[in-house]
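Below are my notes on the model, as numbered points.

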Amino acid sequence: MPTTEEYIEMDHKYGAHNYHPLEVVISRAERCWVWDPEGRKYLDCLSAYSSQNMGHCHPEIVKALEEQVKKVAVTSRAFCNDQMGPYLKKLCEVVGPHLKVPENAGVMALPMNTGAEAVETGLKVARAWGYIKKGIPKNQAKIIVCRNNFHGRTITIVGFSTDIQHGNYYGNFGPYTPGFEIITYGDAQELEDTILKIGPENVTAFLFEPIQGEAGVKLPPKGYYTKVREICSKYNVLMIADEIQSGLCRTGKMFALDYEDVKPDMFLLGKALGGGVYPVSAIVTNSDVVGPDVIKPGTHGSTFGGNSLACAIASKALDILIDEKLADRAAELGEYFQEGLRKIAAKDTKVPIKEIRGRGLLIAVEFDGNARQFVEQFKEHGILAKDTHITTIRFAPPIVIEKEEIDWALEQIEKVLEK
Ligand code: PLP
């Protein structure tokens with residue numbers, strides 16, 4: 001079997017260098033632990049960017065996958081399959097109570113594969129709704145997004161990214177899709193002012209992350225979600241919540257918006273929806289927005305979206321989130337983890353800690369200096385975490401982690417950070 005170094009060499013030689021990973025190779029995983037080819041064991045504190053909410057290789061998900069793959073996996077949407085309907089029914093029933101659904105409308109979903117595809121789908125549906133239902137003149141629809149957003153890597157999406165770090169690279173992918181307006185995250189007044197500046201009759205949607213994960217787990221001011229809801233309702237603008245990272249129990253509730261009991265018009269979901277084993281994403285909205293008068297056959301789709309295997313897995317993933325009460329668990333353990341980190345921050349650390357923030361098990365430690373060195377050292381102490389935006393490290397272990405495992409992690413973190 002090749003060694004860690006040999007695997008990394010192959011990655012470098014044959015794979016495009018579109019990532020800068022930690023120099024660790026994972027060849028096996030279980031729950032919140034991963035192993036490299038030499039048998040070294042690490043605690044996963046990234047969870048594949050929140051894809052592993054229910055833990056690596058959850059036995060029930062593996063069983064659902066194995067049983068389904070033996071029957072039928074992919075047939076394309078040219079035919080129907082016996083998994084998609086029951087899965088979408090469950091998805092709509094789980095997400096529905098968190099959504100704003102007009103009277104006489106039902107909850108409907110559109111299944112895709114990756115997060116970026118869910119975002120693209122949401123944008124297309126929002127534009128189509130704007131023209132067909134809101135009566136926006138052809139090609140005039142505007143969508144408002146936030147500074148420091150992260151919604152994925154397609155051309156349209158990077159076209160409205162403001163990521164300073166990647167600014168140079170994004171500069172090489174133009175020309176970009178027009179029709180987007182960027183505003184400050186967390187500033188509801190600016191949202192209203194911008195809608196008025198554009199002209200409310202031409203604004204079709206406001207797309208935002210209830211917690212900006214990739215920006216470094218940034219939370220908006222209290223009351224923001226409520227104000228956004230009021231403004232979007234006032235001007236008939238779709239409120240689209242990208243909960244691809246923050247949703248599905250990660251932050252201690254089913255959705256981050258639940259912290260203010262706010263119901264958006266559309267959720268974008270991905271990552272943990274695939275149970276940590278398969279790419280599964282979806283938009284969930286209401287039949288007024290994505291019904292047959294808006295999205296007609298041939299206007300959108302994906303060969304793999306809604307395939308039998310994906311639906312069997314995602315259906316099981318939803319069961320586990322609910323049956324294992326992962327939202328409550330993330331809330332309790334997240335508080336415990338944050339408290340432990342605060343105790344470390346209060347001590348004399350090599351680089352001072354500026355802030356510990358987060359919700360549930362989506363936690364960030366922001367340093368007053370470069371954080372990459374610590375990420376490397378955590379690895380040497382058996383912890384895998386990832387830096388973001390130079391000064392911040394995110395801790396987001398699988399929600400199935402135990403308290404004793406958090407205690408162990410805190411000990412290692414302290415060893416690395418203490419002066
Ligand atoms: N939206 C959010 C909030 C994300 O955090 C991500 C990925 O990190 C995406 C969209 C894109 O998802 P994917 O990488 O599956 O395309």
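1. Domain bounds here come from an automatic or database domain assignment. That assignment gives domain 1 (4-54 + 325-417) and domain 2 (63-323). The model is predicted: local features need pLDDT of at least 70, side-chain atom pairs count only at pLDDT 80 or more, and totals for chains, interfaces and linings use all residues. Residues are numbered from 1 along each chain as its sequence is written.

2. The centres of domain 1 and domain 2, taken over C-alpha atoms, are 27 Å apart. Two residues are in contact if their C-beta atoms, placed from the backbone, lie within 7 Å. By that criterion 26 residues of domain 1 are in contact with 26 residues of domain 2. On the side of domain 1 that touches domain 2, at least two residues each are supplied by helix 2 (47-50), helix 12 (326-345), strand 11 (353-359), strand 12 (362-367) and strand 15 (392-395). Helix 12 provides the largest share of that side, 5 residues. Helices (H or I, at least four residues) and strands (E, at least two) are DSSP runs, numbered from the N terminus.

3. A residue is buried if 20 or more other C-beta atoms lie within 10 Å of its own, exposed if 12 or fewer, and partly exposed in between; C-beta atoms are placed from the backbone. A nonpolar core is a set of buried Ala, Val, Leu, Ile, Met, Phe, Trp, Tyr and Cys residues joined through C-beta atoms within 7 Å. The largest such core has 121 residues, and Phe-206 and Ile-313 have the most contacts inside it. Helix 11 (residues 308-323) gives the largest share of this core, 10 residues. The core lies between domain 1 (4-54 + 325-417) and domain 2 (63-323), because both give residues to it. In soluble globular proteins, nonpolar side chains tend to be buried together.

4. Which residues does Phe-206 contact, leaving aside its neighbours within four places in sequence? They are Ile-144, Leu-191, Val-228, Cys-232, Val-237, Met-239 and Ile-240.

5. Tyr-278 sits in the loop between strand 9 (266-269) and strand 10 (281-286). Tyr-278 is buried, with 20 other C-beta atoms within 10 Å. Not counting residues up to four places away in sequence, Tyr-278 touches Leu-309, Ala-310 and Ile-313. The C-alpha atoms of Tyr-278 and Ile-313 are separated by 7.7 Å, and the two residues are 35 apart along the chain.

6. For helix pairs, axes are lines fitted to C-alpha atoms over the stretch in contact, and angles run from 0 to 180 degrees between N-to-C directions. Angles under 35 degrees count as roughly parallel, over 145 as roughly antiparallel, 65 to 115 as roughly perpendicular and the rest as oblique. A crossing is left-handed if the near helix is turned anticlockwise from the far one by less than a right angle, and right-handed if clockwise.

7. Helix 8 (residues 188-198) and helix 9 (residues 224-234) pack at about 15°, with axes 9 Å apart. Helix 8 and helix 9 are therefore roughly parallel, and their crossing is right-handed. Ala-188, Leu-191, Glu-192 and Ile-195 in helix 8 meet Tyr-224, Lys-227, Val-228 and Ile-231 in helix 9.

8. The axes of helix 13 (residues 372-380) and helix 14 (residues 403-417) come within 10 Å and cross at roughly 130°. Helix 13 and helix 14 are therefore oblique to each other; this crossing is right-handed. Phe-374, Gln-377 and Phe-378 in helix 13 meet Gln-412, Ile-413, Val-416 and Leu-417 in helix 14.

9. Ile-344 belongs to helix 12. Ile-344 is partly exposed, with 18 other C-beta atoms within 10 Å. Leaving aside neighbours within four places in sequence, Ile-344 is in contact with Thr-349, Leu-410, Ile-413, Glu-414 and Leu-417.

10. Some backbone geometry is worth checking. A cis peptide bond, with omega about 0°, joins Gly-174 and Pro-175. Pro-175 lies in the loop between helix 7 (167-170) and strand 6 (180-183). Ser-47, a residue other than glycine, has a positive phi near 60°; Ser-47 is in helix 2 and is buried, with 28 other C-beta atoms within 10 Å. Asp-261 is not a glycine either, and has a positive phi of about 50°. Asp-261 is exposed, with 11 other C-beta atoms within 10 Å.
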